[in-house]
Amino acid sequence: MSKETEKIILGDEYDDALRDALRAVLISSGAVGVDKIWGVGGSQEIESLVVRIGSDLITIEAETFIGLTVSGSKVVVEDIAFQVSYLS
């Protein structure tokens, strides 16, 4: 049995208040950093962070023209998005 996955766009990638809210939610959730990547391609800039929350791997991406996204286990991603919306 595989877990359902989801990807949610939280908002603009340059929104510092949104990033702060996400950071606070990740810290309170006990997230542990697994991998971090940053790169530029033409006019696109992308940051990617993979964290472990419990047994789930969650990916957070900030990409030009896309926004700040969180993806992974549907239940965890929806909970993160809910908490971030409450804080921001």
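Biologist: Which residues does Thr64 touch, leaving out those up to four places away in sequence?
Modeller: Thr64 touches Glu13, Ser43, Gln44 and Glu45. Contact means heavy atoms within 4.5 Å. This is a predicted model, where local features need pLDDT of at least 70, side-chain atom pairs count only at pLDDT 80 or more, and totals for chains, interfaces and linings use all residues. Residues are numbered from 1 along each chain as its sequence is written, and side-chain values use heavy atoms, with hydrogens and water left out.

Biologist: Why does Thr64 count as buried?
Modeller: Its relative accessibility is 17%. Buried means under 20% relative accessible area, exposed over 50%, and partly exposed in between, with a 1.4 Å probe and protein chains only. So Thr64 counts as buried. Thr64 lies in the loop between S4 and S5.

Biologist: What makes Glu13 buried?
Modeller: Glu13 has 16% relative accessibility, so it counts as buried. Glu13 sits in the loop between strand S1 (5-11) and H1. Beyond four places in sequence, the residues that Glu13 touches include Arg19, Ala62, Thr64, Phe65 and Leu68.

Biologist: Phe65 is in the loop between S4 and strand S5 (67-73). Is Phe65 buried or exposed, and how do you know?
Modeller: Its relative accessible area is 65%, so Phe65 is exposed.

Biologist: What makes the phi of Phe65 worth a remark?
Modeller: Phe65 has a positive phi of about 75°, although it is not a glycine. Most residues other than glycine have a negative phi.

Biologist: Why is Ile53 called buried?
Modeller: Ile53 has a relative accessible area of 12%, so it is buried. Ile53 belongs to strand S3. Setting aside neighbours within four places in sequence, it contacts Leu26, Ser29, Ala31, Ile58, Val76 and Ile80.

Biologist: Which elements give two or more residues to the lining of the largest pocket?
Modeller: Helix H1 (16-28), strand S3 (44-53) and strand S4 (56-63) do. H1 gives the most, with four residues.

Biologist: How many lining residues of the largest pocket are nonpolar, polar or charged?
Modeller: Six are nonpolar, one is polar and five are charged. Ala, Val, Leu, Ile, Met, Phe, Trp, Tyr, Cys and Pro count as nonpolar, Asp, Glu, Lys and Arg as charged, and the others, Gly among them, as polar. The lining includes Leu22, Ser48 and Glu61.

Biologist: How many helices and strands does the chain have, and what makes a run count?
Modeller: The chain has two helices and five strands. Helices (H or I, at least four residues) and strands (E, at least two) are DSSP runs, numbered from the N terminus. In sequence order the pattern is β-α-β-β-β-β-α.

Biologist: How do you know whether the radius of gyration agrees with a compact globule?
Modeller: The radius is taken over C-alpha atoms, and the globule rule is 2.2 Å times the number of residues to the power 0.38. With 88 residues, a compact globule would have a radius near 12 Å; the chain has 13 Å, which agrees.

Conventions:
On a 1 Å grid over the protein atoms alone, a cavity is a set of points where a 1.4 Å probe fits but cannot get out, and a pocket is an open set with protein on both sides within 12 Å along at least five of seven lines; lining residues have an atom within 4 Å of a point.
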